[in-house]
Amino acid sequence: MKASKTSATNEHSISEVESRFAYRVSTELETIIARTGKTSPVARQYLPDIRELDIIEAETSDPIGDHPHSPVKGIVHRYDHRALLKITNVCAVNCRFCFRKDMLGTADESLDSKDLQAALDYLRAHTEINEVILTGGDPLVLSQRRLAALFETLSAIDHIDIIRIHTRLPVAAPSKMPDLTALNLPEDKALFIVLHINHADEITDGMKNACKALKTAGFTILTQSVLLKGVNNTHEALHNLFTALIKMGVKPY
Ligand code: SF4
C-alpha cells in the first residue's frame, strides 16, 4: 500500500520520508487501513508523514539512554536484576513513532552469532539477573529454529526466573506468528508476553487467535501502549482499548 498523496509537494516529501525511514505494513494492517481510512488511528501509526522530516535538536540517537548501560552488544543492563536482550533489529512492520526506527534494519545494530554468544555469556555470568526481556526489533520475527535454540539456552540458565517478550507481531501481522506451542518452553520459569497495542481497531480475529495460542503455550499476556496524539490520546480511545483487552483476558500493564 502506498502512503496518502494529496499534492505534488506532499508526494515529493512523502518519498523523502520513505527513503529516510523504511515503510512497511502487513496485509492485515492494509485491510484495517482500507476499512478505517488513511487518517484513522491505525493508519496514523503506519503511513509515512512529512512531519517525520522535522528532526529537532533535542532528538538523539539514544533517546532513552540505553548506550551507557550496554556492556556488550545486544544487552542493556540498567537495573541489577533485569536485562534486555535486543535479539534482532528487524520488525514485521515499521511504526512511524518508533524511537528505535533509526536502528531498525541497520547492519550496525544486528547481532551476528559471535555477538549473540557474547550476550548470552553475559547473562550466564551475571547471576544477579533474574529477568530477561527479549526485545528488538520484534523477537517473534525470529525463525522457529532460532527461537527454539534461544529458549533452550535461556532455560539452562538457572538464575533466570522470568522471560518476557516484547512484541507487536500478534497485532501487526498475526499470520506471521511462530508456533510457540511447538517449542520446548521451560516449566520452571515465568513466561510473559508484553503486547504493544495502541487502539481498539487493532484488535482483529487474527490477533485474538494469536493471543489464544500464546496462552496455550503458557504465556501470561500483558499489554503496553504508547500515548499518541490523534491515535489514542482521549479517555474514550483508551477506555475502549483497555476494556476490550480485559474482555479477552489480556491485561493492560
Ligand atoms: S514493532 Fe516496535 S520496535 Fe518495531 S517499529 Fe514498531 S514500535 Fe518499533
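Predicted model: local features only at pLDDT ≥ 70, side-chain atom pairs only at ≥ 80, totals over all residues.
**Notebook: side-chain contacts**

I looked at Phe21 and found Lys101 over the face of its ring, 4.2 Å from the ring centre (rule: NZ of Lys or CZ of Arg within 6 Å of the ring centre and within 35 degrees of the ring normal). Residues are numbered from 1 along each chain as its sequence is written, and side-chain values use heavy atoms, without hydrogens and water.

Next, salt bridges (a side-chain nitrogen of Lys or Arg within 4 Å of a carboxyl oxygen of Asp or Glu). I count 11.

I checked Asp66 and Lys86: they form a salt bridge, closest N and O atoms 3.6 Å apart. Asp66 sits in the loop between helix H3 (41–46) and strand S1 (75–79), and Lys86 in strand S2 (residues 82–86). Helices (H or I, at least four residues) and strands (E, at least two) are DSSP runs, numbered from the N terminus. Asp66 is buried at 4% relative accessible area; Lys86 is buried at 15%. Buried means under 20%, exposed over 50%, partly exposed in between (1.4 Å probe, protein chains only).

I then took Arg168 and Glu202, which meet at 3.2 Å, N to O. The pair ties together parts 34 residues apart in sequence. Arg168 is buried at 6%, Glu202 at 0%. I also see shared partners joining Asp66, Arg78, Lys86 and Arg100 into one network.

Last, I listed contacts of Met207 (heavy atoms within 4.5 Å). Beyond four places in sequence, they include Pro170, Leu195 and Glu202.
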